[in-house]
Amino acid sequence: MKRESMQTIFRTESIKFVLVGFFNTIHYYAWYLLFTEPLAIYYLIGHWMAFVISMIGSFYLNTYFTYRSKPSWKKFFQFPLTYLVNIAVSTSALYIFREWVGLDNKIAPLLAAGMAIPFTFVISRKILKS
């Protein structure tokens with residue numbers, strides 16, 4: 001019985017994490033387009049700026065909605081650790097998609113963002129549920 005309960009919790013958290021991730025991707029993408037299109041900021045700098053802004057939003061959404069835990073300064077400062085892999089994978093993928101594959105500036109960041117989701121889920125769950 002307890003195993004079923006843990007599986008249900010994990011499944012629910014996974015679904016919520018995907019929903020938050022979807023919202024967060026839109027949030028990131030809107031900032032990215034703002035920085036790179038009308039403001040004409042170099043795409044990798046715009047990517048990092050949008051990434052930091054959306055990461056802060058992701059912290060609060062995942063803390064309150066996904067894992068139903070209380071935010072703390074400790075968690076807030078640990079949370080970026082969840083994104084080290086995410087930023088490394090998404091930045092590398094964005095660079096490859098733009099420079100080597102030649103994808104459009106409006107498509108490449110969306111594809112790059114999706115590549116690191118599984119890693120981010122596992123690490124953020126560990127930090128935010130502690």
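Biologist: Which residues does Phe97 touch, not counting residues up to four places away in sequence?

Modeller: In this predicted model, Phe97 touches Gly102, Leu103, Ala108, Leu111, Ala112 and Met115.

Biologist: What makes the set that holds Phe97, Ala108 and Ala112 a nonpolar core?

Modeller: A nonpolar core needs buried residues of the nonpolar kinds, joined through side-chain atoms within 4.5 Å. Twelve residues are not all named here, but the set of 12 includes Tyr28, Tyr29, Tyr32, Phe35, Leu44, Leu94 and Phe97, and it is the largest nonpolar core. Helix 1, helix 2, helix 3 (73–100) and helix 4 (108–114) give two or more residues each. Helix 1 gives the most, with 4 residues. Apart from this core lies another, of 11 residues, among them Phe51, Met55, Phe79 and Ile127.

Biologist: Why is Thr91 called buried?

Modeller: Its relative accessibility is 17%, and buried means under 20%, so Thr91 counts as buried. Thr91 lies in helix 3. Leaving aside neighbours within four places in sequence, Thr91 is in contact with Leu44, His47 and Trp48.

Biologist: What lies 2.7 Å from a polar atom of the side chain of Thr91?

Modeller: The backbone oxygen of Ile87 does. The cut-off for a polar contact is 3.5 Å, and the separation here is 2.7 Å.

Biologist: Why does Ser58 count as buried?

Modeller: Ser58, found in helix 2, has 1% relative accessibility. Beyond residues up to four places away in sequence, Ser58 touches Asn24, Phe79 and Tyr83. The C-alpha atoms of Ser58 and Thr25 are separated by 9.5 Å, with the two residues 33 apart along the chain.

Biologist: Why is Tyr60 called partly exposed?

Modeller: Tyr60 has 37% relative accessibility. Buried is under 20% and exposed is over 50%, with partly exposed in between, so Tyr60 is partly exposed. Tyr60 lies in helix 2.

Biologist: What is noted about the phi of Ala40?

Modeller: Phi of Ala40 is near 55 degrees, a positive value in a residue other than glycine. Most residues other than glycine have a negative phi. Ala40 sits in the loop between helix 1 and helix 2.

Biologist: How do you know that Ala40 is exposed?

Modeller: Ala40 has 61% relative accessibility. Exposed means over 50%, so Ala40 counts as exposed.

Biologist: Why does Arg68 count as exposed?

Modeller: Arg68 is at 65% relative accessibility, against a cut-off of over 50%, so Arg68 is exposed. Arg68 is placed in the loop between helix 2 and helix 3. Although Arg68 is not a glycine, its phi is positive, about 50 degrees.

Technical notes. Residues are numbered from 1 along each chain as its sequence is written. This is a predicted model: local features need pLDDT of at least 70, side-chain atom pairs count only at pLDDT 80 or more; totals for chains, interfaces and linings use all residues. Side-chain values use heavy atoms; hydrogens and water are left out. Buried means under 20% relative accessible area, exposed over 50%, partly exposed in between (1.4 Å probe, protein chains only). Contact means heavy atoms within 4.5 Å. A polar contact is a pair of N or O atoms within 3.5 Å; within protein, one must be able to donate a hydrogen and the other to accept it, and residues adjacent in sequence count only if both atoms are side-chain atoms.
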